[in-house]
Structures are given as structure tokens and as C-alpha cells.
Amino acid sequence: MSPAAVPTTPLTLGTSFLGARGDAARTAELADRLLASPHAIDTSNAYAGGRSEQHLGAAVHRAGGLRAGQIIYSKADADPRTGVFDRDRVLTSLEESLHRLEVDHLPLYHLHDPQPRPVAELMAPGGAVETLVQLREEGVVGAIGIAAGPREMVHEYVRTGAFDAVLTHNRFTLADRSARPLMETAREQGMTVFNAAPFGGGVLADPSKQEYGYRPLPEELVRWIERLRELARDHHVELAAAALHFSVRSDLVDSTVVGITTTERLRQLERLATSVVPDAFWSDLDGLGEPPASGTD
Ligand SMILES: NC(=O)c1ccc[n+]([C@@H]2O[C@H](COP(=O)([O-])OP(=O)(O)OC[C@H]3O[C@@H](n4cnc5c(N)ncnc54)[C@H](OP(=O)(O)O)[C@@H]3O)[C@@H](O)[C@H]2O)c1
């Protein structure tokens, strides 16, 4: 069976920090701006302990419902107390998400960060993945995806053929290309591919950040990113723009998921998206060779 189609926009706004920082008024304003933007929005049951979905739902309420064409994706998460990720948990997770978001349908619903548990457990008859498949058949969700980090595990889920979409993060950027094989498999299978965290969690947009993919930056990668910065300076390109365009221009990516923490970051994203990165930058980037290991698994 061919994968179900997933509505996408070239950029998706990531909301893992929504409700985790800032005061209530600013968070509400950010949620309103996210919803008013032309981009799809990515959230999950677990982001900010459920507050990401709550703030988005409050914005949906203030707007009198989702406008035509507005896209919000969410994700099923394991039970936050017990770590259980079974059929009942998927159903509860979805019920909570629909309630918080004030919607009755999701165009895409991911299995989120299942890595603590074996693939075989979640793929077992009557388990989490079979439940997602049933939800898609019933039409409660339009499509189902796998959204997680560890590349071997994500690749294994992709190969099952059960999913319509995959979301990989921090592993297809200027500084780490290790998700390419799993993205190629997803492409061959006709799946929709989301590439999240094009800034590696921030360091490729903000030199003061000392982490890559939420882990300390390896020394060798620090030196390689310095060479990358020099290359960007030589071409009069903002490194953040190059990092964003690396993902957006790739044939392997349907949508690039960028974390937005403030309304200012949203304005900056619009500027970065429309900035031009010259072709010569990309050919000179090839000259730097493959980046060293970033520490992602
Ligand atoms: N397992 C999963 O499903 C999974 C995992 C990871 C990510 N995701 C999704 O992908 C989204 C993006 O991930 P991410 O936020 O971790 O990584 P990211 O998009 O690579 O980095 C976002 C961070 O970069 C910084 N930044 C953004 N624009 C900037 C600019 N113009 N100048 C300087 N700094 C800038 C911001 O930091 P500050 O604003 O804090 O300074 C922001 O928090 C998440 O929100 C989530 O929706 C999903």
C-alpha cells in the first residue's frame, strides 16, 4: 500500500519550547503568531509537559478555530510516569492532544521518541503502531509518522513500511549528514520526510551555543564549524541562512522543522528563508568534506 499523502509547507514551526519559557502573555502572543503564519506547526503531547499543545489550543480558540489550510501535527508520547507505550497509551495520548488543541482530527500523528523500548514491542500485534494504523483507517488521523533521533532505530521503523512520514532531527545539517541513508529509504518508499533542527539545536545559528543536538560539542566539530563560519564569511552568507537552506534545498526533504522560541525568532526565520545563498557556497562546502562525528547516535 502506498503511504498516505501528508499536507506540508516547506518550513514547519517547531514548538518544543512553547510554554516552557517566558511569561504567559508573551507565550500567548507567540502562539497567536505561529498560528497566523503560513507554515505548518509541529508539536507533541509531551512538549513542555503538555503546555505546548495547550497554548496552541488556546490560540486556536481565540481565532475561532483553525483557518482553512492551517496545519498542526502532533505526536503520541509514552506515559510520562511509567514509560509505558502501548495501545491504551496511544489512545490516551491522542485524546489528550485533540482536547488540548481543540481539534477533532490531525493531518499527521507521529510515534514520538519510542527509543527506550524495543522496536519489536511497539510493532507487536495490538501494540502502539498497530493502534496508529487503526486510527488512520478510522480517519481520526490522516497519516502516521515516526519522529525520533537514533538513526538505526528510525531506519528500522522506516523499513517496516507501516508509516507515511518520518521526522529525523539534528542528523541532516551542515554539520551532521548521518540521517541521509534513512531519508533515502523513506524517499524510495514514497514517504514524506521532515528534517528537524537544521541549526543542530542552535549552534549553527548562534555561535555562543556550546552544544550540538543537545549534547556537548566535540572538539573536532568545534574546529570544523569554525572552518564553516569562515567559508560563510568569505561568501558573505549568514551561517544560519546557509544552515536553513542546506535542508530546504535538499531533494530528500519535504519540510524543514525549525524551533521557534520567540516572535523575534519567527521574524528572523522569514528573513533567513528569503535570503540568497550563492551556488559557489555549496560547491566550496563540498570542498570541506564530510563533517566529523557530532556525537549523535
Ligand atoms: N524527536 C522529535 O520528534 C524531535 C526532536 C527534535 C526536534 N523536533 C522538532 O524540531 C523542532 C526544532 O528543533 P530544535 O529547536 O531543537 O532545533 P533547531 O531548529 O536546530 O534550533 C532552534 C534553536 O536555534 C536558535 N535559533 C533559531 N533561530 C535563530 C536565529 N535566527 N539566530 C540565532 N539563533 C536562532 C534558537 O535558540 P534560542 O531562541 O533559544 O536562542 C532555537 O531554540 C522542535 O521544536 C520540534 O518541533 C522533534
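Helices α6 and α7 are roughly parallel to each other, because their angle is about 10° and angles under 35 degrees count as roughly parallel, over 145 as roughly antiparallel, 65 to 115 as roughly perpendicular and the rest as oblique. Here α6 covers residues 151-159 and α7 covers residues 180-188, with the axes 9 Å apart. Helices (H or I, at least four residues) are DSSP runs, numbered from the N terminus; the axes are lines fitted to C-alpha atoms over the stretch in contact, and angles run from 0 to 180 degrees between N-to-C directions. On the α6 side, R151, V154, H155, V158 and R159 make the contact (heavy atoms within 4.5 Å), and on the α7 side P181, L182, T185 and A186 do. Sorted by class, that gives five nonpolar, two polar and two charged residues, where Ala, Val, Leu, Ile, Met, Phe, Trp, Tyr, Cys and Pro are nonpolar, Asp, Glu, Lys and Arg charged, and the others, Gly among them, polar.

Before going further, a note on the source: this is a predicted model, so local features need pLDDT of at least 70 and side-chain atom pairs count only at pLDDT 80 or more, while totals for chains, interfaces and linings use all residues. Numbering runs from 1 along each chain as its sequence is written, and side-chain values use heavy atoms, with hydrogens and water left out.

Next, α2 (residues 51-62) and α3 (residues 87-101): their axes sit 7 Å apart at an angle of about 40°, so the pair is oblique. E53, Q54, L56, G57 and V60 of α2 touch S97, R100 and L101 of α3.

A242, H245 and F246 of α9 meet F281, W282 and L285 of α11, a contact with five nonpolar, one polar and no charged residues.

Now for the ligand. Which of the 32 residues around the ligand come nearest? They are S16, D42, Y214, T261 and R265, with "around" meaning a heavy atom within 4 Å. Among the polar contacts (pairs of N or O atoms within 3.5 Å), a polar side-chain atom of D42 lies 2.6 Å from a ligand oxygen, and one of Q268 lies 3.1 Å from a ligand nitrogen. A197 uses a backbone N or O atom, 3.5 Å from a ligand oxygen. On its own the ligand has 890 Å² of accessible area (Shrake-Rupley method, 1.4 Å probe), and the protein covers 92% of that.

Technical notes: Helix = DSSP H or I, 4+ residues; strand = E, 2+ residues; numbered from the N terminus. Polar contact = N/O pair within 3.5 Å; in protein donor to acceptor, adjacent residues only side chain to side chain.
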